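Let's take a walk through this model together. Keep the sequence and the 3D view open as you read.

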Amino acid sequence: MRHARRRIVRRVARLAAVGGLLLGGTMVTRAVASEPPDASAAPRTFAQTPSGAGGDLVSRLGTGRTAGHWVDSEGRPVVAVTDERAAEAVRRAGATAKRVRHSMSELRSAASTLRSAPRVAGTAWALDYRSNEVVVRGDRTVSGSDWSRLTAVAEGIGGFVRMERTEGAFTTRLNGAEPILSTAGRCSAGFNVTDGTSDFILTAGHCGPTGSVWFGDRPGDGQVGRTVAGSFPGDDFSLVEYANGKAGDGADVVAVGDGKGVRITGAGEPAVGQRVFRSGSTSGLRDGRVTALDATVNYPEGTVTGLIETDVCAEPGDSGGPMFSEGVALGVTSGGSGDCAKGGTTFFQPLPEAMASLGVRLIVPGREGAAAGTSAPAGQAPGTRAPGASGAGAPAPVAGVDGSTLLARLTDRRNIGPGLLVVAGSLVALVATRWIREEQDRKAYRRRYSATWG
């Protein structure tokens, strides 16, 4: 009975090993026959969507027949259109069409009328593509009389201008992901950029005027750099040239707190509905979604236009900090209202626009010729220090898109690794069962021989 059980176990093991060989061989054959993955392809990110289906359709159909585009909760592009022919063109392109009443031309005309009205500090407006409206917000600092005058302007434009009062106040947000200090205040380094000769920190323009000298916030930190260019109000960006001319190692990392960083792989423009992340020294790493584009904010210091509006929270101390999504740099923190206890609205200066205006590009290790705004790694957060580093230019632990593990690569069905692993395991099983059988036969023969001899 015991010998019968052993024979059954050996047969099952041999059958399993043979089956494994057949399966592994099939997996290897299919992997070799299939098209290999494109190693040069960039990671899929929503930041590329505007230049994809949605953005291309809006450009092709024109602002008279469309009213913006966004991504839905599933990441699919949606385009607002004003007529059925445009809707059919959108559907043929594989995107979702939403019929709306007012075109982008009408929305922009309404925003232009608001800009030409007497300026009221504490107000902001943006184009809400999904509701097909221009949303005007007034914070608690706006008086009743000023709000009434602005409401009259909105009513004269039409019913697609929505008026809202909001808590808090629209203010610029000083400080950031890793702080740098000057007589102008405390701010944040956003991304590292270069003009091909010198390296710079690209941060918010309201952090300090040209000539501001910046220092690190740790004991013994020397001069980080000096502000050499910028724009505020109107825009909200500036360049801080490194004191030694170089950003140092880890220039493609932004700090996210707890000594950790995220590697930036390029620059892009966001889409409405896209999930984004922001890092700041006061409130740390926070996330939310893009709610509107081309926003205008009337700060007490002046008006800034062309901003990205989000529902990511921020607090005083977060200004100039980096905003990114899936390793793609999108903008630097400008200002907003609310806080991270109750939530609020935060605005960001778009990064590609700032780089184009300043004539710089993201620093890309090993790719010196990359053009501004192309897919290329972006900068480390603060004054030449990678997150968690003890000194200038020290490398940092990174959690970015390049962190694929060996296990993940081996188990990718497009690779031959899984098939080879199955084949190898099956061969080992066959050899083991054969060796066990021979060893058992030798022992049985010795027992029988010993008994006969005795």
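A salt bridge here is a side-chain nitrogen of Lys or Arg within 4 Å of a carboxyl oxygen of Asp or Glu. Before we use it, some housekeeping: this is a predicted model, where local features need pLDDT of at least 70, side-chain atom pairs count only at pLDDT 80 or more, and totals for chains, interfaces and linings use all residues. Residues are numbered from 1 along each chain as its sequence is written, and side-chain values use heavy atoms, with hydrogens and water left out.

By the salt-bridge rule, the count comes to 13. Start with Asp-252 and Arg-263, whose closest N and O atoms are 2.5 Å apart. This pair links distant parts of the chain: Asp-252 sits in the loop between strand S14 (237–242) and strand S15 (253–257), while Arg-263 is in strand S16 (residues 260–263), 11 residues apart. (Helices are DSSP runs of H or I with at least four residues, strands are runs of E with at least two, and both are numbered from the N terminus.) Buried or exposed? For that we use relative accessible area: buried is under 20%, exposed over 50%, and partly exposed in between, with a 1.4 Å probe and protein chains only. Asp-252 is buried because its value is 8%, whereas Arg-263, at 24%, counts as partly exposed.

Next, look at Glu-164 and Arg-137, which form a salt bridge with 3.4 Å between the closest N and O atoms. Here too distant parts of the chain are linked, with Glu-164 in strand S6 (residues 161–165) and Arg-137 in strand S5 (residues 133–138), 27 residues apart. Arg-137 has a relative accessible area of 17%, so this residue is buried; Glu-164, at 25%, is partly exposed.

A local case is the salt bridge between the side chains of Arg-91 and Glu-88 (3.6 Å, N to O). Both lie in helix H3 (residues 84–92), 3 residues apart, or about one turn of the helix. Arg-91 is partly exposed at 40%, and so is Glu-88 at 34%.

Now for the inside. A nonpolar core is a set of buried Ala, Val, Leu, Ile, Met, Phe, Trp, Tyr and Cys residues joined through side-chain atoms within 4.5 Å. The largest has 32 residues, and Leu-127, Tyr-129, Val-134, Val-136 and Val-161 touch the most other members. Several elements supply at least two residues each, including helix H5 (144–157) and strand S19 (284–299). The largest share, 5 residues, comes from H4. Contact means heavy atoms within 4.5 Å; leaving aside neighbours within four places in sequence, the contacts of Leu-127 include Met-104, Leu-107, Ala-111 and Leu-293. Apart from this core lies another, of 20 residues, with Phe-191 and Ala-354 among them.

Finally, find the open sheet of 3 strands in the order S1-S2-S3, with mixed pairing; two strands pair if DSSP finds at least two bridges between them. S1 and strand S3 (96–99) are the edge strands, each pairing on one side only. S1 and S2 run antiparallel, joined by 4 bridges, and His-69 stands opposite Val-79 in S2. Helix H2 (residues 53–61) packs on the sheet, touching S1 and S2, and its direction makes about 175 degrees with that of S1. H3 packs on the sheet as well, touching S2 and S3, at about 165 degrees to the direction of S3. Axes are lines fitted to C-alpha atoms, for helices over the stretch in contact, and angles run from 0 to 180 degrees between N-to-C directions.
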